[in-house]
Amino acid sequence: MSHLQPLAALGGLLLGGALLGGLLWWQSGLQPAAARDDWRPPCIARLGKTYAAFGPTSAPDERPARNLLFGVDRSGSNRELADAQLDAAVAYAATLGPESGVGVLLITDRSDRSTTPDMPFEPGEGGTRWTAEPVLCDGCKPDSLFQQKCLEQLEVAQSRRVGELNAGEDARRTRLQEERAVRIHGWRDQVAGYTPKPGTSLLAFFTKLADLPAVRREPERTTVVVMSDLEASQAGERKQLDKFERAYRSSGTCPEVSWLPKGLSGLEIALVQSVRDGIDAELWARRWDAVLTCAGAHVRRHRYSAAVPLRQLLDEPAAPALALAD
């Protein structure tokens, strides 16, 4: 009898320890996950194969992506405003999100890509957004108290994980934008002293524009901002434009000419015109409007003003005709 009592006491202790250990193990499965790679609570391992790979889903960021190209006239007739316009284009380009492609082209004597120090076009880079998945299907209910408690923890953990993933993506996008802004301003410093030869050709510029890969591949989501007085300086080009515009106005149809720029169909082109004394601004704006419209582009006309930020100017609806009065 004396031996049975200690054995019974020992058995009671072992049973109590087992029950306590089981309770602690059960509860530990419902505790937040310890510091490790898996963001999910430890109890997820006991919910079966259904939750083996459970987690938030990703999808492409739906922020509108576009290509924005700037053409800045560095010719003698536009020299007075050329630096201010280049600075405005660079400032705007540097603020674009990484989903947008961007480039700055110089309108010069030849507008040839091999001789003009244009800013290399930088294509846009899409992003990712993460969303939480439902922890239970519609109409489903937990099959045990353990599953209910575990799924509550899982829901909280998933919400936290979605926030972390999207915050990391936002930080990545901010870094991409900042790095590109540095490159754009660096390019601006490199071309600060560039002066083209006399004889600017806007026709050559539009030919160069149409040959860019972004324009060839995605004309429907590409906007081109042309900052120029729009006056053709070459005698032959002036005659071509004059004859074309007169034929266009008299017939109401697009004349067939071999020199009409090809590859511009579908583009949105904003003519941001510098207006100065001694130039018939309305005449030149009207001529280029006719040429580019016949080339298939959608044309908007604005008057350049240093007092109006370029972003504000382009975000406003285009006026039906260029206003020349102050």
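I started with Asp118, which counts as buried because its relative accessibility is 16% (buried is under 20% relative accessible area, exposed over 50%, partly exposed in between, with a 1.4 Å probe and protein chains only). Before going on, I noted that this is a predicted model, where local features need pLDDT of at least 70, side-chain atom pairs count only at pLDDT 80 or more, and totals for chains, interfaces and linings use all residues. Residues are numbered from 1 along each chain as its sequence is written, and side-chain values use heavy atoms, with hydrogens and water left out.

**Asp118, continued.** I placed Asp118 in the loop between strand 3 (101-107) and strand 4 (119-122). Helices (H or I, at least four residues) and strands (E, at least two) are DSSP runs, numbered from the N terminus. A polar atom of the Asp118 side chain sits 2.8 Å from the backbone nitrogen of Leu106. I call that a polar contact: a pair of N or O atoms within 3.5 Å, where within protein one must be able to donate a hydrogen and the other to accept it, and residues adjacent in sequence count only if both atoms are side-chain atoms.

**Whole chain.** I counted eight helices and eight strands in the protein chain. Of its 326 residues, 40% are buried.

**Arg74.** Buried or exposed, I wondered about Arg74? Arg74 is buried, at 4% relative accessible area. It belongs to the loop between strand 2 (67-73) and helix 2. A polar atom of its side chain is 3.4 Å from the backbone oxygen of Tyr194. Leaving out residues up to four places away in sequence, I found that Arg74 touches Asp83, Leu106 and Tyr194, among others (contact means heavy atoms within 4.5 Å).

**Helix 2 and helix 3.** I then took the pair of helix 2 (residues 79-94) and helix 3 (residues 145-190), which pack at about 165° with axes 9 Å apart. Axes are lines fitted to C-alpha atoms, for helices over the stretch in contact, and angles run from 0 to 180 degrees between N-to-C directions. The two helices are therefore roughly antiparallel (under 35 degrees is roughly parallel, over 145 roughly antiparallel, 65 to 115 roughly perpendicular, the rest oblique). On the helix 2 side I listed Asp83, Leu86, Asp87, Val90, Ala93 and Ala94, and on the helix 3 side Gln177, Ala181, Ile184, His185, Trp187 and Arg188. That contact holds seven nonpolar, two polar and three charged residues (Ala, Val, Leu, Ile, Met, Phe, Trp, Tyr, Cys and Pro count as nonpolar, Asp, Glu, Lys and Arg as charged, and the others, Gly among them, as polar).

**Val162.** Also in helix 3 is Val162, which is buried at 12% relative accessible area. Its C-alpha is 8.9 Å from that of Arg129, 33 residues apart along the chain. Neighbours within four places aside, Val162 is in contact with Pro56, Trp130, Thr131 and Ala132.

**Helix 6 and helix 7.** How do helix 6 and helix 7 lie, parallel or perpendicular? The axes of helix 6 (residues 235-251) and helix 7 (residues 281-294) cross at roughly 75° and come within 9 Å, so I put the pair down as roughly perpendicular. The residues that meet include Phe244 and Tyr248 in helix 6 and Trp284 and Trp288 in helix 7. By class I have nine nonpolar, one polar and seven charged.

**Leu230.** Last, I checked Leu230, in the loop between strand 6 (222-228) and helix 6. Leu230 is buried, with a relative accessible area of 1%. Its phi is near 70°, a positive value in a residue other than glycine. Most residues other than glycine have a negative phi.
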